[in-house]
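Hi,

Here is the structure I promised to pass on. Have a look at it first, and then read on for what I found.

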Amino acid sequence: MIILPAIDLIDGKPVRLFKGDFSTAEQVADSVLETAQNFSECGAEWIHMVDLDGSLQKKPVNFYPIIEVAEKTPLKVEVGGGIRTVDDIELYINKGISRVILGSVALKNPELVREAVKEFGKAIAVGIDAKDGMVATEGWTEKSSTDYIELAKRMEDFGVRNIIFTDISRDGTLSGPNLEQLTALNNAVSCDITASGGVTDINDIIALRDNSLYGAICGKSIYKGTLSLSQAVEVCR
């Protein structure tokens with residue numbers, strides 16, 4: 001299992017939210033690049049970056065600090081937030097981003113996902129964010145009537161190989177990942193499943209690893225010191 005430390009960006013700064021609520025944004029570090037470099041020194045090979053401004057504005061906003069991490073660290077970068085067109089995807093991939101995450105468009109414009117997978121293959125991931133098992137979109141401000149597993153199966157049919165699943169009610173809460181929903185999803189599709197939301201400590205990492213998840217995204221637990229990134233990387237080797 002791979003560990004993906006997370007940097008969420010508002011106004012070019014690393015922040016964390018509580019349950020996806022933008023009004024709870026708390027700056028957690030001074031520098032995006034220094035934070036990413038620290039993650040690399042702890043043994044991480046991947047980083048998960050989210051353009052929160054982009055999620056609301058429906059276009060890439062924090063493009064340059066994200067690209068700087070790809071250019072100036074050895075980390076493989078996966079990025080989501082505000083990616084709505086093939087041009088947006090191309091812009092990131094041409095600048096060295098390893099994986100682009102399509103979120104809201106997976107529900108609202110599924111043809112874009114189909115087209116992107118055809119053109120960019122494994123560089124495309126789909127982020128499925130859910131509340132009470134129902135998919136939420138537009139920076140989690142809109143809830144749909146689509147079940148998260150139903151959407152995952154649709155994406156699998158399109159050839160998507162990587163799905164990042166977030167239980168919004170756990171995100172930023174340090175209350176543990178939703179193992180029940182993650183296991184159900186992992187059993188329902190053949191895609192690689194990355195867990196996001198709620199990771200608190202090394203026991204959560206071990207539980208996710210033992211449930212054969214592909215990856216685990218860790219944000220607040222690293223910033224608050226309840227999880228050692230280097231230890232998490234080590235137990236997943």
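Before the first finding, a quick word on axes: an axis here is a line fitted to C-alpha atoms, for a helix over the stretch in contact, and the angle between two axes is taken between their N-to-C directions, from 0 to 180 degrees. Also keep in mind that this is a predicted model.

**H4 and H6**

Two packed helices are described by the angle between their axes and the distance between the axes. For H4 and H6, the axes come within 10 Å and cross at roughly 35 degrees. The crossing of H4 past H6 is right-handed. On the H4 side, the contact is made by Val 86, Ile 89, Glu 90 and Ile 93, and H6 brings in Leu 112, Glu 115, Ala 116, Glu 119 and Phe 120. Sorted by type, the residues of this contact are 6 nonpolar, no polar and 3 charged.

H6 itself covers residues 110–120, and its buried residues include Leu 112, Val 113, Ala 116, Val 117 and Phe 120. These span an arc of only 130 degrees around the axis, so they sit on the same side of H6. What lies over them? Among the elements that cover the buried residues of H6 are helix H4 (86–94), strand E6 (99–102), helix H5 (104–108), strand E7 (124–131) and helix H7 (148–157).

**H8 and its two sides**

H8 runs over residues 179–188. Its buried residues are Gln 181, Leu 182, Leu 185 and Asn 186. Looking down the axis of H8, you will find them within an arc of 135 degrees, so they line one face of the helix. On the face turned away from that buried side are the exposed residues Glu 180 and Asn 187. The cover over the buried residues of H8 includes H7, E10, E11 and H9.

One of those, E10 (residues 162–167), holds Asp 167. Is Asp 167 buried or exposed? It counts as buried because its relative accessible area is 4%, and the cut-off for buried is under 20%. The side chain of Asp 167 makes a polar contact with the side chain of Asn 178, at 2.9 Å. Setting aside neighbours within four places in sequence, Asp 167 is in contact with Ala 130, Asn 178, Gln 181 and Ser 196.

**Two residues with positive phi**

Most residues other than glycine have a negative phi. Lys 58, which is not a glycine, has a positive phi of about 60 degrees. You will find Lys 58 in the loop between helix H2 (52–57) and helix H3 (63–72), and it is partly exposed, with a relative accessible area of 44%. Leu 174 also has a positive phi, near 55 degrees, in a residue other than glycine. Leu 174 belongs to the loop between E10 and H8 and is partly exposed at 27% relative accessibility.

**Around Thr 200**

Leu 174 turns up again as one of the residues that Thr 200 touches. Thr 200 is in the loop between strand E11 (192–196) and helix H9 (202–210), and at 15% relative accessibility it counts as buried. A polar atom of the Thr 200 side chain lies 3.0 Å from the backbone oxygen of Gly 198. Not counting residues up to four places away in sequence, Thr 200 touches Leu 174, Ser 175, Gly 176, Ser 221, Thr 226 and Leu 227.

Ile 205, in helix H9, is buried at 0% relative accessibility. The C-alpha atoms of Ile 205 and Leu 227 are separated by 9.2 Å, with the two residues 22 apart along the chain. Beyond its neighbours within four places in sequence, the contacts of Ile 205 include Met 1, Ile 3, Ala 216, Cys 218, Leu 227 and Val 235.

Pro 14 is in strand E2 (residues 13–18) and is buried too, with a relative accessible area of 0%. Pro 14 and Ala 29 are 15 residues apart along the chain, and their C-alpha atoms are separated by 5.8 Å. Leaving out residues up to four places away in sequence, Pro 14 touches Ala 29 and others, including Ile 7, Glu 26, Val 28, Ser 31 and Thr 35.

Enjoy exploring!

Key
Residues are numbered from 1 along each chain as its sequence is written. This is a predicted model: local features need pLDDT of at least 70, side-chain atom pairs count only at pLDDT 80 or more; totals for chains, interfaces and linings use all residues. Side-chain values use heavy atoms; hydrogens and water are left out. Helices (H or I, at least four residues) and strands (E, at least two) are DSSP runs, numbered from the N terminus. Buried means under 20% relative accessible area, exposed over 50%, partly exposed in between (1.4 Å probe, protein chains only). A polar contact is a pair of N or O atoms within 3.5 Å; within protein, one must be able to donate a hydrogen and the other to accept it, and residues adjacent in sequence count only if both atoms are side-chain atoms. Contact means heavy atoms within 4.5 Å. The arc is that of the directions from the helix axis to the C-beta atoms. A crossing is left-handed if the near helix is turned anticlockwise from the far one by less than a right angle, and right-handed if clockwise. Ala, Val, Leu, Ile, Met, Phe, Trp, Tyr, Cys and Pro count as nonpolar, Asp, Glu, Lys and Arg as charged, and the others, Gly among them, as polar.
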